[in-house]
Structure formats: structure tokens, C-alpha cells
Amino acid sequence: MTRLKLLFLCVVLVCLINVSWAAPSSEAWSFWAEYDDESLFVVEHDDWQVILDRYLNAKTQDGVSRFNYKAVTSEDKKRLKTYLSGLSRLDPRKLRRAEQQAFWINLYNALTVDVVLDKYPVESIRKIRFFTSLFGPWDKSLISIAGQELSLNDIEHRILRPIWQDARIHFAVNCASVGCPNLQERVFTALNTDELLELGAQQFINHPRGLSREGDVLVLSSIFDWYGVDFGATEEELLEYLSDFLDADKLTQLDSIEQIYFQYDWSLNAE
């Protein structure tokens, strides 16, 4: 291949990376469908909680939780990797369903922080690219569990979405971006997952990056476009879903809509 042809292909590839992206569909990975609701085993997420306590700022003025990637010490980077290594030695199929769900959500969020830390400083998680994952790190195999190589997309779209079929999952997994629902201050557990899912949905839908109104135009997060199938088959069903979480004084934002516009901010959620 001539140098000119190689240069042309590189330019085309860069253009495709920067302008195109399709959200993965929800397709169950049957391997992970097993569970044991008689199991009493509780997964420890203490190290992940330490990381959140030290570096997550959830009390920001603009309501967007920020992670202080720059301040993470080498000791805590090691702590995070030790936590992930511990999760990799477990087989979540031997857990009860509620414990499983918390396991996968925490794993997703911790892996996301870890992959950003490995490449930091970076302006956006989309800039983190691998040969097998050209649009961000989501298709890159990052961890092996029960003999299976897993990517972030595997966890979200082949496990969490299809197995639990709960749209609130989108408000629990964090993609390290300003436009993403907040990374929660507390680790997910079998006891608090439903509470945190509900909190995440309420926080996001009542925040301008989730939903706002500009004249007759309803401005929504692109999450409701990319994963529209999870929120309803029609526009009316989507609006009904949103109304279930909107504060009473904001419900009028759904009245007399002429158009829906979707937007998303991929800037890194860094302090």
C-alpha cells in the first residue's frame, strides 16, 4: 500500500470515528442468566466506597457530580485495581439476583473510572481508543470474570439491560461525562439498589441536562434517543415515563410540545 493511500485511509477512519456512533442494542448473553436466590453471600465494595468518598464531589453548584481524577494517589489507583481484581475472582451467577445487579453496576462504574485514570489527562472518554474500540473504550475487553472476557458494553447491553429490563439502569451506570447521569455517592448493594435507581432517575430527569424546555421545543438528553426502546415504543410513552419522575412544578414542561431535540455533553466529568 502506498503512503498516499495509507494517509487517505487514516483520514477516512478518523472522520468516521468522530462523526458516527450507534448505541448498542440490548441482547442478552445467556451465560449470565443464572442466579442463586438462596445464596447469602454479600460482595464487599468497601474499597470502591473509599474511592468515591475521597474523589467524588456530588455537591457541585451545577448539580453535575465531578470526579477528581487528577488528585487520585498512586495508592488509591492500586486500591481500585485491587478492588476490580477481587470482583474478577467472583462468579456472579452464584449470587442472588439483587446482589448480582449491584455487582454489575459497581463493576461498570469502577471500570470506567479505572480506564479514565489509566489515560488521564484526557478531555473526553471518547478520546480513549483502542484498536478494538475506536469510539471510546466501551468495546474493549477490560476484565475476565468466570472465564469470560467482558467489555463495558457487554456489562450494560448484554447483562444489565436485557436481564433486568429496567430503564433506570441508564441512570445508574456512569460514562465519565458531564452529560451522563450522576455517579452516585454510595456503592450499590442488594439493599439499596432500587433506592439509588429511583434517585438517579429523579436527579437526572429533573436536571437541565436530562430535560429542559426552550419555547415549544423539549430538549432531552440523547440517552432518551439512543435507548428510546427502553423508555417506550412511542413519543407519548416516553413523555409518560418522564412525567413519572418530574417534580410537580416541572410537569408543565411536557405540555404543547412542537418538537423534541436531543443533546449530550461528552466533556469529562472532572473537577
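On a 1 Å grid over the protein atoms alone, a pocket is an open set of points with protein on both sides within 12 Å along at least five of seven lines, whereas a cavity is a set of points where a 1.4 Å probe fits but cannot get out; lining residues have an atom within 4 Å of a point. Grid points are joined across faces, edges and corners, and a volume is the space filled by probe spheres set on the points. Rolling a probe the size of a water molecule over the atoms shows where empty space is left.

The structure discussed here is a predicted model, in which local features need pLDDT of at least 70 and side-chain atom pairs count only at pLDDT 80 or more, while totals for chains, interfaces and linings use all residues. Residues are numbered from 1 along each chain as its sequence is written, and side-chain values use heavy atoms, with hydrogens and water left out.

The largest pocket holds about 160 Å³ of space. Its lining is made by Ala58, Gly63, Asn182, Leu183, Gln184, Glu185, Arg186, Leu196, Leu199 and Gln203. Sorted by class, this lining has four nonpolar, four polar and two charged residues. In this classification Ala, Val, Leu, Ile, Met, Phe, Trp, Tyr, Cys and Pro count as nonpolar, Asp, Glu, Lys and Arg as charged, and the others, Gly among them, as polar.

A search of the whole structure finds three cavities of 30 Å³ or more. The largest cavity contains about 180 Å³ of space and is lined by 17 residues. Tyr108, Glu156, Cys175, Tyr227 and Tyr264 lie nearest its centre. The residues of this lining comprise 12 nonpolar, four polar and one charged. Helix 5 (152-164) and helix 7 (223-226) each supply at least two residues of the lining, and helix 5 gives the largest share, three residues. Helices (H or I, at least four residues) and strands (E, at least two) are DSSP runs, numbered from the N terminus.

Three of them form an open sheet in the order 5-6-7, with mixed pairing; two strands pair if DSSP finds at least two bridges between them. Strand 5 (211-214) and strand 7 (259-263) are the edge strands, each pairing on one side only. From one strand to the next, the twist averages 30 degrees, where axes are lines fitted to C-alpha atoms, for helices over the stretch in contact, and angles run from 0 to 180 degrees between N-to-C directions.

Strand 5 and strand 6 (residues 217-221) run antiparallel and are joined by four bridges. Within this pair, Leu211 stands opposite Leu220 of strand 6, and Glu214 has Val217 as its bridge partner. The two strands form a hairpin with two residues between them, and Gly215 in the turn has a positive phi of about 65 degrees. Strand 6 and strand 7, by contrast, pair in the parallel sense over five bridges; here Ser221 stands opposite Gln263. Four of the five residues of strand 6 are buried, where buried means under 20% relative accessible area, exposed over 50%, and partly exposed in between (1.4 Å probe, protein chains only).

Thr193 belongs to helix 6 (residues 193-205) and counts as buried because its relative accessibility is 4%. Leaving aside residues up to four places away in sequence, Thr193 touches Gln101, Ala102, Ile105 and Phe188, contact meaning heavy atoms within 4.5 Å.

Two loop residues other than glycine have a positive phi. For Ala146, phi is near 50 degrees; this residue is found in the loop between strand 3 and strand 4 (148-150). Ala146 counts as partly exposed because its relative accessible area is 30%. For Gln165, phi is near 45 degrees, and the residue lies in the loop between helix 5 and helix 6. Gln165 counts as exposed because its relative accessibility is 67%.

The peptide bond from Tyr120 to Pro121 is cis, with omega near 10 degrees.
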